Amino acid sequence: MELTLYTIVVPAIAGILVRVLPGALKGVRETITLVASAVTLVVAILLFRQGWVEAKVFGVAMLKVDALSSFVLLWVGIFGFLMMLYSVGFMKDRSRLGEYYGYSLLSLAAACGVVLANDMILLVAMWAFLGLMLHLLIDVAGASASAAVKKTSIIVGGTDALLAFAVVILWLMTGSTSLTQEAIPTITGLACLTFILFACAAFAKAGAMPFHGWVPEAAEAGPASAVAFLPASLDKLLGIYLLARVSLHLFNLTPAMALILLVVGAVTLLGGVMMALVQHDMKRLLGYHAVSQVGYMVIGIGTLNPVGVAGGLFHMLNNAIAKGCLFLTGGAVEKREGTTSLDKLGGLARFMPVTFASCLLAALAISGVPPFGGFASKWMVYQGIVDLGKGGGHLWVIWLVAAMFGSALTLASFVKLLHGVFLGIRARGGQGPKEVGILMWLPMILLGVVGLVFGVFAYALPLKAFIVPAVSAVPSLRVPGGGVWLNWWNLGVATLLILAGLGIGLLIYLAGRARAVRRDSAYVGGEILPAEARVTGTEFYNTITDMPCFKRIQRWAGAKNLDIYEYGRDLVGYLARGAKVLHSGFFAGGLVWLIAGAVVVLAVLVR
Amino acid sequence: MTSALYLFLLVPLVAGVLVALMGKRSPAVADALATLAAGVLSLMALVSVGKSGILWITGGVPPQGTPGMSLVLDGPAVVMLITTNLIGLAGALYSIAYVERALKVRHHALLMLSLAGANWAVLAGDLVGVLVAVAMVSAAAYAMLAHRGAGADARAASKYLVAAGIGVALVLAGMLVTYGSAHSVNMAQVAKTVGTGPTTWHLLALALFLVGLGLQAGMFPFHGWLVGLVDSAPTSFSATLCGVLMKAVGVFAMMRVLFNALGATPTVLSLLLVLGALSIIIGALAALAQNDLKRVLSYHTISETGFVLLGLGLGTRLGIAAALFHMMNVAVAKTLLFMNAGSLEHATGGTSYDRLGDVKHKLPVVGATSTIGALSLSGIPPFGGFWSKLFILVAVVQAERYGYAAWMVAGSILTIASMARFQKVVLHDQAREGMETRRAVPALMQAVAVVLTALCFSMGLLWLPRIQADFFMSAAKVIQEGVTYGANILGM
């Protein structure tokens with residue numbers, strides 16, 4: 001059997017096995033899950049080292065590994081394994097484990113299938129199957145998740161139909177279902193329509209506006225480990241993978257189509273982070289962040305120049321790492337405290353130091369603080385936007401401002417989150433919880449450290465190994481004369497400087513401590529604040545959201561104006577009421593319809 | 001052995017008569033007879049794969065101008081026979097446990113009568129056969145509605161009688177008009193006269209059959225009768241009716257008459273496209289506005305029929321093949337969901353959305369099989385419904401009907417929305433007030449649902465290239481080639 005097939009077949013068979021095995025066998029499901037995901041990871045590593053593979057199934061080149069898919073596949077494998085490891089700790093003592101592990105493994109198989117598919121029909125089937133698994137995984141959380149399950153399956157399933165439509169048009173346009181073919185310029189209306197349909201499916205999977213509505217709902221309601229696995233990491237990778245695949249390989253985008261990407265990116269970025277800023281639930285807040293960060297990736301790809309695209313893809317990786325890690329810490333907090341509401345948490349840093357450290361690392365990384373990975377990738381997106389501006393026009397300023405401003409707001413909302421969960425005073429008082437077990441903290445801290453390493457050694461490791469080969473393989477992005485398009489910027493020196501700065505700060509602090517520190521009571525409005533009073537952090541940065549222009553944006557976005565699901569629901573509700581009126585009983589309506597219809601048919605046929 | 005074709009009509013009719021005669025004494029006999037007959041029919045249908053034949057009821061090819069009745073077994077008929085009789089068997093098995101004792105004889109006898117009607121509609125080589133088939137199924141449905149005698153059900157029965165009467169009258173009128181212009185009621189002979197180009201009489205016949213059989217199929221705007229019927233009929237009968245009977249006497253007979261006998265003109269094809277497209281959206285929208293599972297399912301029948309009509313209306317081979325395949329997939333998924341609605345009714349006493357919830361945990365088998373059925377109906381892979389809907393879409397785009405393609409995609413999204421709503425409200429949500437599981441769902445009913453679920457899983461395999469070519473494409477060829485059917489049959 002072809003090596004590529006193992007990544008799909010092994011987790012699929014293991015998933016079915018786990019799903020049907022009786023629950024009485026203790027530890028068997030977990031073992032199968034871990035072994036299968038480890039095998040998948042090993043095969044993914046092997047395929048990554050091979051670089052370019054084409055696998056024939058039924059004599060057709062159904063599966064293919066190229067520069068873009070090989071690194072995405074590798075990361076799918078890595079996330080698969082880490083998340084399963086975490087799940088063993090997280091899901092312990094919960095019910096419906098057969099469903100949970102079974103659907104997780106099937107998701108892994110489908111994700112590998114999406115990445116490897118070289119046949120568009122296979123892509124659609126795997127893509128939609130992944131959506132199905134997503135909805136089943138969220139459902140494992142029970143009746144409280146039913147609304148989120150419904151919304152997810154409508155948005156994700158509905159856009160699957162759009163993807164199928166796009167694929168069918170493209171098939172008949174080019175006469176082939178292969179994904180390896182000449183890029184089509186988006187100059188005809190039909191090509192534009194096809195591209196937009198593809199983009200809608202990618203947006204929905206990745207969680208870009210206006211198809212983002214399901215992400216925060218699922219993030220809040222679903223099991224934290226499943227959310228970290230699918231919406232936070234795998235769906236991001238795959239959504240952006242598809243967007244990159246169609247934008248760079250299948251189509252030659254005209255500036256008008258690129259503009260759509262840029263607008264969607266900017267709106268997603270700002271809208272998502274504005275919503276994140278006002279959330280009171282850790283998982284929901286992270287869900288809006290997961291939406292917001294997609295904006296950078298979409299903008300990056302929308303710039304259509306090598307630096308920007310590389311930045312977008314790199315940010316996809318950084319975001320998946322950081323966001324996966326953040327949701328895992330959210331799961332750890334939920335496991336120990338039984339809630340993720342910021343109003344009921346606080347002061348956990350002392351009790352769960354590893355969770356705090358991971359959360360801090362990931363939060364800094366995703367907020368774009370140097371020298372973390374998120375900084376490097378955002379910087380490249382900025383560079384890409386500036387390069388886009390060199391081509392003329394003034395719109396690029398908007399994208400740049402949106403990107404930079406979004407980054408600042410991201411940091412602000414993470415300060416709020418870190419404070420609300422880990423700093424301050426524990427809301428319930430009393431003895432704090434223990435740190436979670438190694439199965440749970442190991443994946444978290446690993447991802448947190450990787451986020452840092454990917455910033456410090458950005459050029460030497462991730463860019464060199466993953467991103468540059470993928471970008472260089474795109475014909476339309478080749479720089480004439482094979483010039484170097486990355487502005488090599490010495491991150492190592494920057495890191496040393498930052499460390500030096502921190503070290504000097506520490507020295508000053510230590511030196512200052514020698515002298516007496518003045519201690520005083522805390523006052524609020526002239527009243528002495530009791531020592532046990534706590535500041536929740538949920539009210540942080542209300543000054544930002546209270547500024548008149550932001551308040552308006554906030555209110556507009558808060559009213560779900562950016563969510564296509566809400567519009568769709570209103571429209572369908574209106575039409576369905578109309579349809580109900582038409583069906584108010586056979587004799588009142590049905591007979592009239594019958595006769596009128598018969599008359600029309602007669603009139604049309606027998607003129 | 002073409003005379004074996006008689007058996008498709010005789011087996012259910014004889015079984016029906018025997019049920020009526022002997023079932024009174026012991027319902028077990030009625031159960032055994034009905035199941036046996038449906039089982040034999042299913043076996044015969046499966047054996048008929050790849051075979052073809054023509055049986056002249058009136059003895060030899062009659063001269064033009066005399067009524068010639070025949071039964072024709074060919075590609076499309078085989079596809080439909082398998083669907084009809086297997087679902088009929090599922091219906092018979094299910095109703096062993098579902099139907100209450102007092103109702104059994106009547107239910108089983110009428111089920112057999114309607115199966116005979118459906119088989120006749122599928123095999124009919126003449127318009128008389130079509131008319132009789134339509135009348136048989138309508139009569140069975142009416143008798144099924146009228147069984148309780150008085151009250152709301154009786155009113156529903158009388159309303160249905162009006163609609164069915166109009167339907168039968170229109171088919172009768174179509175037959176008479178055809179006889180008037182073509183001097184034959186045999187579809188092959190009628191087909192041979194069409195070559196010269198459509199006359200006004202011929203167009204009139206087309207219109208009458210389109211409306212009359214469209215009414216049976218549940219095509220918009222002739223679908224009004226369906227919901228009233230589903231409200232009152234036993235759910236086991238609704239399952240077979242919406243699953244296959246409407247498709248056999250409605251869609252399939254319409255396909256035969258319009259394409260093979262009368263020759264579908266471009267206007268007829270356009271009408272099929274328009275009415276199919278309207279059925280898709282209006283059925284799905286009406287389903288979204290309903291709060292009762294059985295009503296939701298009956299409106300989805302209209303919507304799904306719309307997809308089939310859209311495939312047929314293209315007039316291309318792929319469109320017709322995908323439509324036939326979709327008809328099979330929908331038959332399985334729809335029957336499954338209707339049976340589960342019946343199981344819910346059996347266990348909790350109702351199918352209203354307001355009084356259900358958490359079925360997933362309260363009745364795990366019903367919950368799990370309903371999930372799969374809903375997913376297949378929504379067109380989610382790997383279930384059968386995904387593949388057939390996808391290839392109807394391929395056919396629509398291939399015909400460069402982009403507007404219809406977009407419309408169809410919108411219809412798919414509405415179906416997904418409605419099925420997601422069903423899953424949320426009935427399967428996932430907390431149980432609502434007033435819901436109590438009074439009885440367990442009998443094992444037999446669950447077993448039938450499980451088998452149909454397995455079919456939902458595996459039917460996608462029927463679209464593998466070899467089977468697709470031998471089974472669906474060759475059947476579609478017969479339909480697509482239109483009135484050459486006449487020469488083919490008469491030369492046989």
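**Figure 1. Charged side chains of chain A in the predicted model.** Chain A carries 42 positive and 27 negative side chains, where Lys and Arg count as positive, Asp and Glu as negative, and His and the chain ends are not counted. The centres of the two sets lie 2 Å apart, each charge being placed at NZ of Lys, CZ of Arg, CG of Asp or CD of Glu. In this predicted model, local features need pLDDT of at least 70 and side-chain atom pairs pLDDT 80 or more, while totals for chains, interfaces and linings use all residues. Residues are numbered from 1 along each chain as its sequence is written, chains are lettered from A in the order in which they are written, and side-chain values use heavy atoms, without hydrogens and water.

**Figure 2. Fold and dimensions of chain A.** Chain A has 22 helices and 6 strands (DSSP runs: H or I of at least four residues, E of at least two, numbered from the N terminus). Its radius of gyration, 26 Å, is close to the 25 Å of the globule rule for 607 residues, so chain A is as compact as a globular protein of that length (C-alpha atoms; 2.2 Å times the number of residues to the power 0.38). The C-alpha trace spans about 100 × 70 × 60 Å along its principal axes.

**Figure 3. Surroundings of B:Leu13.** B:Leu13 belongs to helix H1 (residues 5-22) of chain B. With a relative accessible area of 31%, B:Leu13 is partly exposed (between buried, under 20%, and exposed, over 50%; 1.4 Å probe, protein chains only). Leaving aside residues up to four places away in sequence, B:Leu13 touches B:Leu113, B:Ala116 and B:Met136 (heavy atoms within 4.5 Å).
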